[in-house]
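Me: I have just opened my first protein model, and I would like to learn how to read it. Could you take me through it step by step?

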Amino acid sequence: MKRPGSLRARLLLATLAVTLVSWTVVAVTGYLDTKKELDALLDAHLAQSASLLMGQLEVEEEDGEIELEHAPPAHRYERHLVYQVWDRNGRLRLRSAAAPGVRLASVQQGFSEAPVGTEHYRVYSAWNPQARVLVQVGERLNSRWMVRDEILEHLLIPLASALPVLAALLILAIRRALRPLNTLALAVAKRQPDSLEPLPFAGAPQEVLPLVDQLNGLFRRMRLSLDNERRFTADASHELRTPIAAIRAQAQVAQGAADGTERRTALERVIAGCDRISHLTGQLLTLARLDAGTAAAQPCDLAEVAREALTEAAEPAHRKSIELQLDGAAARVQGNPELLRVLLRNLVDNAIRYSPPRTVVALTTGMAQDGAWLEVADQGPGIPPSQRQRVLDRFYRVVGSGEAGSGLGLSIVSRIAELHAAVLELGEAAEGRGLAVRLRFRGSG
Amino acid sequence: MRILLVEDDDLLGDGLRAGLGQAGFTVDWLRDGRSAQLALEAESFAAVVLDLGLPRLSGIDLLQQLRRGKDPVPVLILTARDAVADRIAGLDAGADDYLVKPCDLGELAARLRALVRRSAGQTSPVLEIGPLQIDPLGRAVTFRGMPVELAAREFDLLHELAREPGRVLSKDQLAQRLYAWGNEIESNAIEVHIHHLRRKLAPELIVTLRGVGYMLPKQPA
């Protein structure tokens, strides 16, 4: 009610306006109908009076004015009725007490209206052929107007007095009808900021159900993403603690070392631990940035990106005597070259990491009918089919792989593929040996 | 004291083995739960340092199976899982102590010594058997009030005998407790160490039971 934007005020105003308009229409048509009926009734009455008067006029008198004695008015409208009887010579032979001396109407027959002196009359005129007299019965229009006004008053007074009562009742009814909304608002307001429990459905009216439904859907999605985030944070802290513990242990070993060789070995391992944790932190940051949103796309060639990725991987591959091969046919895609390089770098890094020395890591790009594709194949142990989905999970590592990866590489690859709407497939490399990771892009750049 | 370290992380396992070695422990290091289970069935350890997230058999499962088999070996869980619920679950599964990574090597060693001490029913950190006093922390031995210089293996051997005074330990048992796998043991190594101990302390201190083993009497002569 207080705020103009409130539903309650809008409902109340609309209801009152509709009521007022319809009531007015009813009143006006009622008034017009009544007026018509009243006119007809009073006209009939005039005509009837005229014919009654006519029946009494049996004897025609030649001369003299006949004064008829009048009974006192029996009804308050009666004194507004007058009559005159004129003979054929135009002499007034008979008139009621209140009737004027001049003719009420110039017509000989039927209804007419005319001013006589200061008054307006509605007159019925009738010619009596036997008595050869003209009878005119008139009624002051004033009186008709009075009746009309009274009827109008009777129609309008209830309207004026009922409207406030109606408004009050409407306010109560609307407040009652909107109570579920208030309850819902209160339920939302009373929630703890971190509570994502669904709102209760019970008692919600049909109109509010979609809102409750949507809210609960929103809460559910928020809870899911919050759970994901919590799990990720827990996993990340777990994954960071182990290398830190290793660095600390190795540093203490260096501290307590009895000879220089032992100290040097321990310090080398401290550095290895630092490298590992910086790699892990880098991967975590990459993943966090990827989670933050989408990347601008531009036309780029997968073969070109693959060439760059292989250049970067040359050094670690050389250390393990792994041969890198590129079969790079042009494969144009609409994508983000920076992200695609991160993707390829991770795939090639993984391949080198898990391959035995003196094997081949092969990178192939090309165009199929439905779009560009790339493949990274190694001659390592591969991934058993049962674990191919799970390796995409963050921090998941294949048991017994014996490698200290971050467990994030394939998660990053999967996320970048997702951002490019590319399909990621893990399978067996040629001759059923090693892992082949295939990415199929839709459409071309 | 021979400790079994079960840790799947290469760098951390290596650091812990070296660090605990510096603290005077003999450390055997395994990287998965299944191998640890087999090792515990076959040999005896003074204590176990157990990671929880292990390949093949999780630390908690290993611990539960160990306790179900009535193995009383003291177990210290060393894990990155720091949640209170995890600590409770670990201790309730039968662990004797729970330490969160990263931890101080000195604290880890002290806790292991405490675990071993308690499992042997001792109250004082310094062992006292008659005129003999053994301080495992300082790795120092006092005999009749005089400090005695012992080589590392000699100390370990004396310590093992002193942990269970009055009990006869065979040469094999002693060798198992003193040497980690992969260490070459000469066939007469134990005899040589016993010989040195007798010379440095007193010939009658350690009793030989021919064909059975050696014993440090509760009330040495």
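What follows is a short talk about a sheet, a helix and an interface.

Reply: Gladly! Keep in mind that this is a predicted model. Let's begin with chain B, which has eight helices and eleven strands.

Me: How many bridges join strand 1 of chain B to strand 3 of chain B?

Reply: Four bridges link strand 1 (residues 2–6) with strand 3 (residues 47–50) of chain B, and these two run parallel. For an example to find on screen, look at Leu4(B): its bridge partner in strand 3 of chain B is Val48(B).

Me: Now a helix, please. Which residues are buried in helix 2 of chain B?

Reply: Here is the general idea. An α-helix has 3.6 residues a turn, so residues three or four places apart point the same way. In helix 2 (residues 33–42) of chain B, the buried residues are Gly33(B), Ala36(B) and Leu40(B). Looking down the axis of this helix, you find its buried residues within an arc of 60 degrees, so they line one face of the helix.

Me: What covers the buried residues of helix 2 of chain B, and which exposed residues are on the face turned away?

Reply: The cover includes strand 1, strand 2 and helix 3 (59–68) of chain B. On the face turned away from the buried side, helix 2 of chain B carries the exposed residues Leu38(B), Glu41(B) and Ala42(B). For chain B as a whole, 40% of the 221 residues count as buried.

Me: Last topic: how many residues of chain A are in contact with chain B?

Reply: One way to read an interface is to count the residues on each side. Here, 20 residues of chain A are in contact with 18 residues of chain B. On the chain A side, helix 4 (209–255) and helix 5 (260–292) are the elements that give two or more residues. Helix 4 of chain A gives the most, with twelve residues. By class, this side of chain A has ten nonpolar, seven polar and three charged residues.

Definitions and conventions:
Residues numbered from 1 in each chain as written. Chains lettered and ligands numbered in written order. Predicted model: local features only at pLDDT ≥ 70, side-chain atom pairs only at ≥ 80, totals over all residues. Pairing = 2+ DSSP bridges. Contact = placed C-beta atoms within 7 Å. Nonpolar A, V, L, I, M, F, W, Y, C, P; charged D, E, K, R; others polar. Buried ≥ 20, exposed ≤ 12 C-beta atoms within 10 Å, placed from the backbone. Arc of directions from axis to C-beta.
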